Amino acid sequence: MGLSEAPGQRDTQALLSTTQTMELRRRDYHVERPLLNQEQLEELGNRGSATGTWQWRNWFRCSRAQAYALLLQYLPVLAWLPQYPVREWLLGDLLSGLSVAIMQLPQGLAYALLAGLPPVFGLYSSFYPVFIYFLFGTSRHISVGTFAVMSVMVGSVTESLAPDEDFLQASNSTVDVAARDARRVQLASALSVLVGLFQVGLGLVHFGFVVTYLSEPLVRGYTTAASVQVFISQLKYVFGLHLSSRSGPLSLIYTALEVCWNLPKTVLNTLVTAVVAGLVLVLVKLLNDKLQQHLPMPLPGELLTLIGATGISYGIGLNESFGVDVVGRIPAGLVPPVAPSPQLFASLVGNAFAIAVVGFAIAISLGKIFALRHGYRVDSNQELVALGLSNFIGGIFQCFPVSCSMSRSLVQESTGGNTQVAGAISSLFILVIILKLGELFQDLPKAVLAAVIIVNLKGMLMQFTDLCSLWKTNRVDLLIWLVTFVATILLNLDLGLAVAVAFSMLLVVVRIQLPHYSVLGQVPDTDIYRDVAEYSEAREVPGVKIFRSSTTMFFANAELYGDTLKQRCGVDVDHLISQKKKLLRRQELKLKRLQKDNKLVKKPSDPVTHIRSSSHIKGTSISISVNTGITNIDSNDVEGSNIKVSAENELEDIAAGDQEDAKAPAMSSLKALGLPQPDFHSLILDLGALSFVDTVCLKSLKNIFRDFREIEVEVYMAACHSPVVSQLEAGHFFDASITKQHLFASVHDAVIFALQHPRSGPISPALVTKL
C-alpha cells in the first residue's frame, strides 16, 4: 500500500500550509505490511493472558513505608504543609483567608436562616467544617462552609419535620420559638452526622465516580432551581411577612402564591431596608469589578453593609420603633458537643443521601476546575472523605451540612490564595467572631441578610443563559436541564434530584437504543472508510458491504442492530431465507411423492417376465430382471416383454433424477432456485465501537453469521479491541464455522481479504491492487 505522491496525497497537500507541504515533500512515505487476521496478529504480537494484579493482597501487608503512605493518603496536610513555602505563599494566603472570612460572616448568618435555624449556627458551620477540611482536603482553592443550595435543602427537611404548627402555645396560639429552634437544631445536626457517614463510607469504598452520573447540565439545572427556591424563600423577610411553613411537592408554588396573596400586608420599613441594603451590595460589587486590577483585595461590601445596617438599627431602634425584624440574641462562645439521636436517622436517611451526593458534586466540580487551572490533582475519593469528616464532626458540634461556595472559592483564588492555609485562617477569624464579636450583630435586620442572600444568587440565576447556549449546541442536554429544573421546582429538592437522575439515566438508555448506524465506503486513494451518507466522495467497495454502529452492542440494542444491518444492506434477508426454505421444502415433498409413485409401480409380473424395481430416498437404485422361459415363447410374448423393458428404462431415468433431487437441499444455490442474489458477496462488521460483550451480543453475532451465510454472503469482523476478543473467547464464540480468521485487525485488511476470497468467484486483480 504505497502513499508516496499519490493523487490523494497531492489533494491533501493542497489543503496544508506552505511550510507543511515543504516538510511533506522532504519525506518519502511508504507503508507496506501483510494482511492480518486475529490469529496472525496474535502470533505476530505474541499475545498472552494478562497477568492479574491481586491488589487485595497488599491490603493485608503491614510495613513502615505502607503505613506512612496510608497516613499521607488520608491526611494530606502532612504531605504538603512541611514543604509549604512561607515567604512566597503566606502573605497571599493571609489576605485570601481574611477576605473569605469577611464573606463567611454575613453568609453564615444569612444561610442559617435558609436552613431554618438561629443565625449563630451558621457561624458554627463556618468554623468547624472549614478547619476539618484544611486537614483532610486535597483541593487548594475551594472554600468549604455554608452554601445556599445545601442550606435550602436542610431548611426543607427541618421545616417539614418540625413545622411551626407543632409548637403552637395553647394559651395565645403563638409559636414557641425556643422549642421549635431546639428541635430544628437537633434535626439539622443529626442530618449533618448522617450526611458525613454517607460521604465517608462512599469515599472509603472508592465510590467517588458516582458524581460522574450527575452531568453538568443536571447540576446546573438543579442549582438554578435551588436558587429560585432560595429567592422565593427570602421574600417573606424582604416584605416582612409571616407565612406558614410548607414542604413537599408544589410547596414552592404554594409559597409564591401565598406571598402574592399577602403583599398588601407588607411592612414598608422592612421592604425599604432590604432594597437599600441590596442596592448598596450591588454598587459595591460593580465597583469591585471595575477596580479589580487596582485593588489588592475586593472591598468587603457585605461586611460593610452588615456593620452599617447593625449600627443604624441599634441607633434608631428599627425593631422597636419601626417593626423591622432583627436577628436577636447571638450567644457568645462555643457549644459543647452533643451526640445525635439515632431515632432520627430513619426519617432523615433519604434526604441525607441526596444532600451528600449534591454537596459532593458541587465541591468536586469546583475543585477540578481550580485543579485544572493551577496544575494539580484532586482525589475525588479523598474529597468524599474530607467532606464527610467535615460534616460528621460538624454535626456533633451542632452544625448543619455544608459544601463549598462558588463565590467564596473565586474570592479565595483571586485574592492570592495558594493552599488551604487560607481556609484555616478564615476559620480562625470566624472563631474570634463567635467568641467575642458575634453578640454585636444582635440588632442586624433579617431583611439585610435576605438582601445578602438574594444578591449572592446572581451567579446561579445567570445560569438561565444556559438555555440559549444548549439550544445551539446540544438539545439533549437542554432537555436534561429543563426536566431537572421543572422537577426540582415542582417536587422540591429531594424528589427533584431523584427524578433528574432517573431521567438522565433513561436518556442514556435511549441514546444507546438509538445509535447512529452507517454503511462505510472507501475515501479515494486511502485506506480510510467513512459513512457514504456523509462523505460524498466515499465509495462502497464493489461486492463488499461494511456496516458500523456508533455504540456498543448489548442486550438492550442487539435486536435493533441486527434489524438495521439487514435493512441497510438493501436485501430482505429474512424474506429471502424464508423463500429459500420454502422452495427446498417443496423439492423435498416432490421427491417423496415420486418415491411413493415408484413403490406403486413395483408389481409382480407373469411367469414369463418378471420386472423388479426399487427406489430409495438416499442413493436411488433400479434393478430390472427379465425371466424368459425356454419354451412356449411366441411373438406376442416377446413384444410384451419389450414394452415392459421400455417402461422400466423410463422408470430408471426418473429414479436417477430423484437421486439428484435428493442431494439438492444441501447443495442448492439461490441462482439454482431462481431467487435473487445479493449484490455483495462479503459483509464486514466494523466493531471498533464495541466495548464489551454479553451473552445476547454473542448470540446476535452468531445469528448474523448464520443468516447471511444462508444467502451466500460471507461475514467478517474488524477492529475489535483486545478485551472484546478475550470476551469472545470466553463466551466460546469461535468454533469450527467461525474462526479467528474471520476477525481482522482493521477494516481495510478485511476488505482486501474479502476481495481475494469471494464466495461467488474470482475478483478482478486490478480492483484489489487499487485498494
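Biologist: At what angle do H18 and helix H20 (residues 406–414) pack, and how far apart are their axes?
Modeller: They pack at an angle of about 20°, with their axes 11 Å apart. Axes are lines fitted to C-alpha atoms over the stretch in contact, and angles run from 0 to 180 degrees between N-to-C directions. Helices are DSSP runs (H or I, at least four residues) numbered from the N terminus. This is a predicted model, where local features need pLDDT of at least 70 and side-chain atom pairs pLDDT 80 or more, while totals for chains, interfaces and linings use all residues. Residues are numbered from 1 along each chain, and side-chain values use heavy atoms, without hydrogens and water.

Biologist: So are H18 and H20 roughly parallel or roughly antiparallel?
Modeller: Roughly parallel, and the crossing of the two is right-handed. Angles under 35 degrees count as roughly parallel, over 145 as roughly antiparallel, 65 to 115 as roughly perpendicular, and the rest as oblique. Right-handed has the near helix turned clockwise from the far one by less than a right angle.

Biologist: Which residues meet there?
Modeller: On the H18 side you have Leu366, Phe370, Arg373 and His374, meeting Met406, Ser409, Leu410 and Glu413 of H20. Contact means heavy atoms within 4.5 Å. That set splits into four nonpolar, two polar and two charged residues. Ala, Val, Leu, Ile, Met, Phe, Trp, Tyr, Cys and Pro count as nonpolar, Asp, Glu, Lys and Arg as charged, the others as polar.

Biologist: What lines the largest cavity?
Modeller: Leu214, Leu218, Val219, Tyr222, Thr223, Val358, Ala361, Ile362 and Leu497. Helix H12 (216–233) and helix H18 (345–374) each give two or more residues to that lining, and H12 gives the most, with four. Eight of the lining residues are nonpolar, one is polar and none is charged. The volume of the largest cavity is about 50 Å³, taken as the space filled by probe spheres set on the points.

Biologist: Last pair: how do helix H15 (residues 268–290) and helix H16 (residues 301–316) cross?
Modeller: Their axes come within 9 Å and cross at roughly 150°, so H15 and H16 are roughly antiparallel to each other. H15 passes H16 in a right-handed crossing.

Biologist: Which residues meet in that one?
Modeller: Ala277, Val280, Leu281, Val284 and Lys285 of H15 meet Gly301, Glu302 and Thr305 of H16. By class, the H15 and H16 contact has four nonpolar, two polar and two charged residues.

Conventions: On a 1 Å grid over the protein atoms alone, a cavity is a set of points where a 1.4 Å probe fits but cannot get out, and a pocket is an open set with protein on both sides within 12 Å along at least five of seven lines; lining residues have an atom within 4 Å of a point.
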